[in-house]
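Open the model in your viewer and get ready to select residues by number. This tour moves from ring to ring.

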Amino acid sequence: MLESFFRIKEEGSSVRTEVIAGITTFLTMSYIIFVNPEILSSTGMDRDAVFVATCLAAALGSAIMALLPRWPIGMAPGMGLNAFFAFTVVGAMGFSWQQALGAVFISGVIFLILTVTGIRSWLIEGIPRSMRSAIAAGIGLFLAIIALTSSKIVVANPATLVSLGDVTQTGPLLAIAGFFIIAALDALKIRGAILIGILIITIASMVLGVSQFGGIVSMPPSVAPTFMQLDIMGALHTGLFHVILVLVLVEVFDATGTLIGVAKRAGLMPEGKPNRLGKALLADSSAIIAGSVLGTSSTTAYVESASGVQAGGRTGLTALVVAVLFLAALFFAPLAGSVPVYATAPALLYVACLMMRELVEVEWTEITEAAPAALTALMMPFTYSIANGLAFGFISYAVLKTLTGRFRDVHPATWIVAILFVVRFVMVGGE
């Protein structure tokens with residue numbers, strides 16, 4: 001049955017290979033089980049409920065990806081968007097987490113419409129490559145400053161705004177050690193490097209008395225504190241349109257780029273032949289809506305799926321294995337609750353480092369491309385907002401191209417996004 005449904009032999013794979021690939025993908029992306037509750041609980045959301053919502057959203061999203069396009073791509077709440085949700089929308093802008101979930105739901109519906117109508121593909125084609133790369137790098141820098149401040153490696157300073165914290169303290173030392181462990185394990189090509197690093201620092205923090213051991217296995221907690229708690233009307237009435245715009249834009253570039261990149265690596269998008277990208281985009285869009293209902297930030301395709309593809313995964317069975325393993329993770333809630341911030345911060349910082357590699361794709365020799373890209377990346381951490389980074393980037397791109405007589409080089413999609421951000425500044429100002 002598995003053979004015929006997923007066409008495993010036709011794709012040159014086997015059930016055993018697909019299962020191994022699924023386990024590999026899960027190990028490389030399962031760190032989100034620990035990181036997402038840590039980030040979202042800072043908004044006042046129930047940590048145990050967020051843990052359950054994270055696992056369920058990842059399982060559901062991966063299952064949809066397995067059964068609809070039948071691609072070997074795992075899905076889960078995205079890094080960067082969860083930080084934007086918690087620290088910008090709720091923390092800095094002052095909206096409730098219920099309203100933020102409402103914004104995620106609305107963005108998912110818009111995303112679904114854009115996908116079905118084909119506008120999503122038009123947007124992707126119209127956004128400059130340098131801007132796409134800068135967005136990824138900027139989100140990485142945003143994650144980095146969150147990781148450094150939460151672990152107290154970087155602290156506030158009235159004279160210089162930020163400065164180095166006391167790195168001789170136990171907490172910062174654990175975070176630094178965690179980063180080196182993760183980086184070294186990944187350099188040695190060890191699967192699940194981030195997960196292993198989190199677990200090692202968690203154990204070390206318990207031994208040193210920084211955190212308490214809460215157990216390993218139990219029945220899953222209730223998801224009721226976050227399930228169906230989204231405030232859609234509140235999101236519509238509080239001027240969150242620019243937040244919704246950001247969520248849609250990041251998903252358009254990040255998720256689509258990941259889907260295409262991993263699919264090409266798996267040989268699922270041969271030149272000149274039909275592919276199932278449309279169904280994959282539909283699965284991605286549906287997962288966002290489902291995740292918001294469960295109680296988590298935007299769900300997205302994970303680039304870590306490339307590790308499963310490298311292990312031989314070629315069909316949806318790989319993603320189905322990922323879904324099953326996320327369901328099994330529901331029984332490890334006590335362990336997730338025992339993970340301290342000093343164990344999750346290194347994971348955030350390392351993911352940030354990986355995202356910074358996107359800057360090599362920027363056309364640095366062309367100032368009308370380089371300057372907007374640099375502004376995009378820099379404004380995200382310095383204003384503590386992905387929205388501001390996108391706004392400065394798109395507006396400056398359109399302005400510079402116009403001032404240098406190259407306004408015809410600006411795609412209509414870029415003009416539309418730039419104008420929307422100008423309207424946003426006029427209506428709500430800075431965040």
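## A tour of the aromatic rings

Start with R70 and F5. The charged end of R70 sits over the ring of F5, 4.0 Å from the ring's centre. Keep in mind that you are looking at a predicted model.

Now look for rings that pair with rings. How many aromatic pairs does the structure hold? There are eight. A pair of aromatic rings is described by two things: the distance of the centres and the angle of the planes.

Select Y31 and Y302. Their ring centres are 6.5 Å apart, and their planes meet at 50 degrees. An angle over 60 would count as edge-to-face and one under 30 as stacked, so this pair is tilted.

Buried or exposed? Y31 is buried, with a relative accessible area of 1%. Y302 is buried too, at 3%.

Next, select F179 and F180. The ring centres of F179 and F180 lie 5.8 Å apart. Their planes are at 65 degrees, so this pair is edge-to-face. Now check the surface. F179 is buried, with a relative accessible area of 18%. F180 is exposed, with a relative accessible area of 53%.

For the last stop, select F87, F142 and Y384. Ring pairs link these three residues into a cluster.

Notes:
Residues are numbered from 1 along each chain as its sequence is written. This is a predicted model: local features need pLDDT of at least 70, side-chain atom pairs count only at pLDDT 80 or more; totals for chains, interfaces and linings use all residues. Side-chain values use heavy atoms; hydrogens and water are left out. Rings of Phe, Tyr and Trp (its six-membered ring) pair if their centres lie within 6.5 Å; planes under 30 degrees apart count as stacked, over 60 as edge-to-face and the rest as tilted. Buried means under 20% relative accessible area, exposed over 50%, partly exposed in between (1.4 Å probe, protein chains only). A charge sits over a ring if NZ of Lys or CZ of Arg is within 6 Å of the ring centre and within 35 degrees of the ring normal.
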